[in-house]
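Here are some exercises to work through with the model open beside you. Try each task before reading its solution.

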Amino acid sequence: MASGLGTKVGTATAIAVSAGSADLHDARVVARPSALEIDPNGDARFADAADRSGSVVRGYAGRVGDPVDLVTDDGRTFSGDELVARTLAGLIEEAGPHTSVVVAHPTEWSSYTVDRLRSAAAERGIEAEYAPEALCTVAWLQQTPDAVADGVVAVVDQGQSGTTASVVRTGDEAVLLGRTVRSDDTGGAAIDGLLLEHVLAQVDTDALDPADPATVDALADLRERCATAKEALSADTDTVVPVRLPGVSADVRVVRSELEELLRESADDVVRVVEDALRSAGVDAATLSRVVLAGGGGAIPLLTETLSARLRVPLTLSSDPAATSAWGAALTATRLAAVAPAAAAATTDDAETDLIAPIERRPERALPPVPVTPHSHAKPATGRRRAGVVVGVAAAVAVLAAGGLSVGVATGVVDNPISDSPATSAVVEPASVDDATGGETTGIGSAATGSAGATNPSTGARIPGSTAAGSPTTSTAPGAPGAAVPTGAAEVPGVTAPDVQVPSVNAPTLPAYTPPPAPTFQAPSLPQYTPPNVVGGITNGVGGVADGVGGVVGGVGDTAGSVVGGVGQGVGGLLGGLTGQ
């Protein structure tokens, strides 16, 4: 029986849904933690807290396509592609063989990331189809009473690592609109961290050593218990979280209202993510037909209340929100499984119907060579006939060169069709000229009977005016007055060939071609450029400077002479006063 398998590898949980029919009444769910234990031999299995013998690796679901590998406790490295492919292989092995397998992958993945996972899965022998989680969620919605035949639906998936919002148009084929918007601040892991802080605030942690490995392991276990309490508060109004830390042992009671107070800001962030997705798709919130919640965080009552109050549209939520996309993938797989046998049968029928038997080539029948026998009245060409042919060819060349009259074809190239009757020879009769003043020039080829016309049985001569059936067409050309056309006829018994004078024709003289003289180009005259007299200006400038210098020198000399004369007179007067003269 045809069956389908839908799979999904989430950050926290890996889910497989097996179904044998489209209504999913016989569906079976396999859920395992997204954590692999890899033994020293390299074999992997789902991690079991009770029995561990190898290195455990987690957090690889969002690392597909990441060039950085994950490192185990013992130093071994594995790529995210390989670890997710191993998880898929483990799910398929537990679920059993199926006709068709569909893998639901995060909607925001690029085609490169999907191809990386497809290649890694193919290396492990997994043949599957891959579909975005948003489209798988809409496939699940379409088989519920809340199905939207033709409209716009918003899919909100709050998983462990973050929240994504996508807009899908329903119809014959669901189509994604715009881009998928994602926020890592509103995922389940962020909510678990908020609840862990709230629980630790209720106990005394002053004596804890954060660097102690025992404290680190105890905090990791407490975080898992907080995640369990978060899920319990989706249905219950209160729950108890056991706290077991080094030196600390207590039970902390948490009520739903406390959790909702912690999540109020996160719920507002989810609404903003949905509004961004609607804006990217160009869709107004008033035109939304429905909002579908998926992922583990979709079961939180505060989230559904906030979305409904802010968007004013009805909401749909499955009983197991974390497995919604896997259920949709299983539905898609069952439909593919139902179509596959019919498609295979149709292909087989077409192959049997359209196949054409090879055409056998018949062996080619070898045809015997056609015997050629000389005709009874054909004679070898004589010297006179050869001379006539040479003269005729020369005349034809001369007439064609002068652009004169056309000459009838007198040669005989004859097709000899192959028939079952005994072959006969092909005989070519010469062309006849009725008169020398421009009559009919007839080119006569042989017919299938081997003769060009009726002949006299006793003499073998052709009867004038007779033609053979199947003779070629007749061409007529006007003759030049007084000019005879050579026939190149063969000798026929009882018939004397007339002497034909071939006129000499001079070929016309063509005038010699003289090319026209090339035009003379007169280059334009350009005005002569006279540079300015720079040297003269410099010379004049130098002269002026020299004159100025000379004047200065002369002035200095005059001044010096006056000073000297004055000093002399002063000295003389002084001496005269001393001597009394």
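## Exercise 1: a cavity lining

The residues lining the second largest cavity divide into 9 nonpolar, 1 polar and no charged. Here Ala, Val, Leu, Ile, Met, Phe, Trp, Tyr, Cys and Pro count as nonpolar, Asp, Glu, Lys and Arg as charged, and the others, Gly among them, as polar. This is a predicted model, where local features need pLDDT of at least 70 and side-chain atom pairs count only at pLDDT 80 or more, while totals for chains, interfaces and linings use all residues. Residues are numbered from 1 along each chain as its sequence is written, and side-chain values use heavy atoms, with hydrogens and water left out.

**Task.** Which residues line the second largest cavity, and which element supplies the largest share?

**Solution.**
1. A search of the whole structure finds 5 cavities of 30 Å³ or more. A cavity is a set of points on a 1 Å grid over the protein atoms alone where a 1.4 Å probe fits but cannot get out, and lining residues have an atom within 4 Å of a point.
2. The second largest cavity holds about 60 Å³ of space.
3. Its lining consists of Val 9, Ala 61, Val 84, Leu 88, Val 103, Ala 104, His 105, Pro 106, Trp 109 and Leu 117.
4. At least two lining residues come from each of α1 (80-95) and β9 (100-105); β9 gives the largest share, 3 residues. Helices (H or I, at least four residues) and strands (E, at least two) are DSSP runs, numbered from the N terminus.

## Exercise 2: α4 against α6

**Task.** At what angle do helix α4 and helix α6 pack, and which residues of α4 meet α6?

**Solution.**
1. Helix α4 (residues 188-200) and helix α6 (residues 256-281) pack at about 135 degrees, their axes 10 Å apart. Axes are lines fitted to C-alpha atoms, for helices over the stretch in contact, and angles run from 0 to 180 degrees between N-to-C directions.
2. That makes α4 oblique to α6; angles under 35 degrees count as roughly parallel, over 145 as roughly antiparallel, 65 to 115 as roughly perpendicular and the rest as oblique.
3. From α4, Ile 191, Leu 194, Leu 195 and His 198 meet α6 residues Glu 258, Leu 259, Leu 262, Leu 263 and Ser 266, where contact means heavy atoms within 4.5 Å.
4. By class, this contact of α4 with α6 has 6 nonpolar, 2 polar and 1 charged residues.

How values were computed. On a 1 Å grid over the protein atoms alone, a cavity is a set of points where a 1.4 Å probe fits but cannot get out, and a pocket is an open set with protein on both sides within 12 Å along at least five of seven lines; lining residues have an atom within 4 Å of a point. Grid points are joined across faces, edges and corners, and a volume is the space filled by probe spheres set on the points.
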